[in-house]
Amino acid sequence: MRKIIHIDMDAFFAAVEMRDNPRLRNIPMAVGGSSDRRGVISTSNYEARKYGVKSAMPTALAKKICPQLVIVSGRMSKYKEVSDQVFEIFQQYTDLVEGLSWDEAYLDVTDCSQFNNSATYIARDIREKIYQRTGGLTASAGIAPNKLLAKMASDFNKPNGQFTLPPPAVDEFIKKIPVEKLWGVGKVTATYMHNLGLKTCLDLQSLSQQELIEKFGKFGYNLYDFCRGIDQREVETEFERKSLGTEETYSKDITHFDEMKGHILKMVQELKEALDDFQEKEIKALQVKIKYFDFKQTTIERQMPFDEKNFIYLLEERWSMDPRPIRLLGVGVKFQEQREQPQLPLFDGAISMR
Ligand code: TTP
Ligand code: MG
């Protein structure tokens, strides 16, 4: 059985602003774009949340439901700085850290020797260290046998709390969880489920795997596990997640473009199938790798949509510049890094950097 911790900073951007400016404490405030520029809320503090002010809400609407709301524009570089401090702390416990965003990560502490391997105590220590290092910022944690459950658990005693779900408690816990809390169930799927009378994980458990696949396609395989609290997904480090590709070395060097094209098409097909396991990831760029008969190697990387024509185009563009025999070809994709800067449109351009 694995031991996974999910850590999530509380009201992250807003908490940083409150830390740095005492006048923003104990009043409803939010980080976001201004209402006269049709901005939206990035996040709100807990006082503002009492009024219903939340992430992605238009600032104009937020002002309507909470007239005294104070809006602060974001300081992205500051948040990144804090994020780096927090992620440095994670590394003191394990190398198996998967960042989901600037303020959120999974840690696999199964083999962590600290605190007699008690994940509950490790989580408490991490939160304490974050508080010390960042000058008073709080985080919440969930401790569970897998990623699915750990993420749900970290919401349980938020803010500034933690919740441990030991393996024997999983069955009882998962039954009552509303379907929309499951990883991969967005608004559209949730509505569809509700219309079928499926409200909780217990409801989902009444369906066979076959029925789930009929109703939800491939996601049905995951759903069958998830609604039982089972999740086989590994904690993947940033290094592992950066790209995915396949390559072939040929026993005889290739000299004709048409032959290369055939190999590329076959590999793109393989890559497409392999990508099924990475549906949550966004493809940032396509890659084509060429190794010449003399072992000279070159990789082309370009931001383009995933399409076999584009791979062929990249190969042709490079090879026509240096049309010598080839001993190896490869195709791949580079993923969007999950800890990259949050989406800027949410700020309506009203970001002050320092
Ligand atoms: P979250 O962890 O979703 O939210 P939070 O940390 O503000 O609040 P809590 O975890 O206590 O519920 O997101 C982390 C940061 O990412 C958030 O502070 C601001 C940014 N963000 C956006 O800019 N836009 C969004 O729509 C969301 C959800 C977050
Ligand atoms: Mg957070």
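How many residues has α14, and how far does α14 reach from its first C-alpha to its last? The helix has 12 residues and reaches 17 Å, close to the 16 Å expected at 1.5 Å a residue. Please keep in mind that this is a predicted model.

**Helix α14 and its sheet**

Several of its residues are buried: Asn-310, Phe-311, Ile-312, Leu-314, Leu-315 and Trp-319. Their cover includes α13 as well as β10, β11 and β12.

Strand β10 (residues 283-292) is joined to β11 by 6 bridges, and the two run antiparallel. One residue pair to look at is Gln-287, whose bridge partner in β11 is Glu-301.

**The mixed sheet**

Another open sheet has 5 strands in the order β5-β6-β1-β7-β8, with mixed pairing. Here β5 (97-101) and β8 (162-164) are the edge strands, and each pairs on one side only. Direction ignored, neighbouring strands are turned by 15 degrees against each other on average. Within this sheet, β1 (residues 4-9) and β6 (residues 104-108) run antiparallel and are joined by 5 bridges. Ile-7 has Ala-105 as its bridge partner in β6.

| Strand pair | Bridges | Direction |
|---|---|---|
| β10 (residues 283-292) and β11 | 6 bridges | antiparallel |
| β1 (residues 4-9) and β6 (residues 104-108) | 5 bridges | antiparallel |

**The magnesium site**

Which residues coordinate the magnesium ion (ligand 2)? They are Asp-8 (OD), Met-9 (O) and Asp-103 (OD), at 2.1 to 2.3 Å. Along the chain, the donors follow the spacing D-M-x93-D. Asp-8 and Met-9 are both buried, and β1 covers residues 4-9.

Why is the arrangement around the magnesium ion (ligand 2) octahedral? The 6 donor atoms subtend angles of 85 to 176 degrees, which makes the arrangement octahedral.

Technical notes
Residues numbered from 1 in each chain as written. Chains lettered and ligands numbered in written order. Predicted model: local features only at pLDDT ≥ 70, side-chain atom pairs only at ≥ 80, totals over all residues. Heavy atoms only, no water. Pairing = 2+ DSSP bridges. Helix = DSSP H or I, 4+ residues; strand = E, 2+ residues; numbered from the N terminus. Donors = N, O, S within 2.8 Å, 3.2 Å for Na, K, Ca; no water. Tetrahedral: all angles 85-135°; square planar, octahedral: opposite > 155°, others 65-115°. Buried < 20%, exposed > 50% of the residue type's maximum accessible area, 1.4 Å probe, protein only. Expected span 1.5 Å × (residues − 1). Contact = heavy atoms within 4.5 Å. Axes fitted to C-alpha atoms, helices over the stretch in contact; angles between N-to-C directions.
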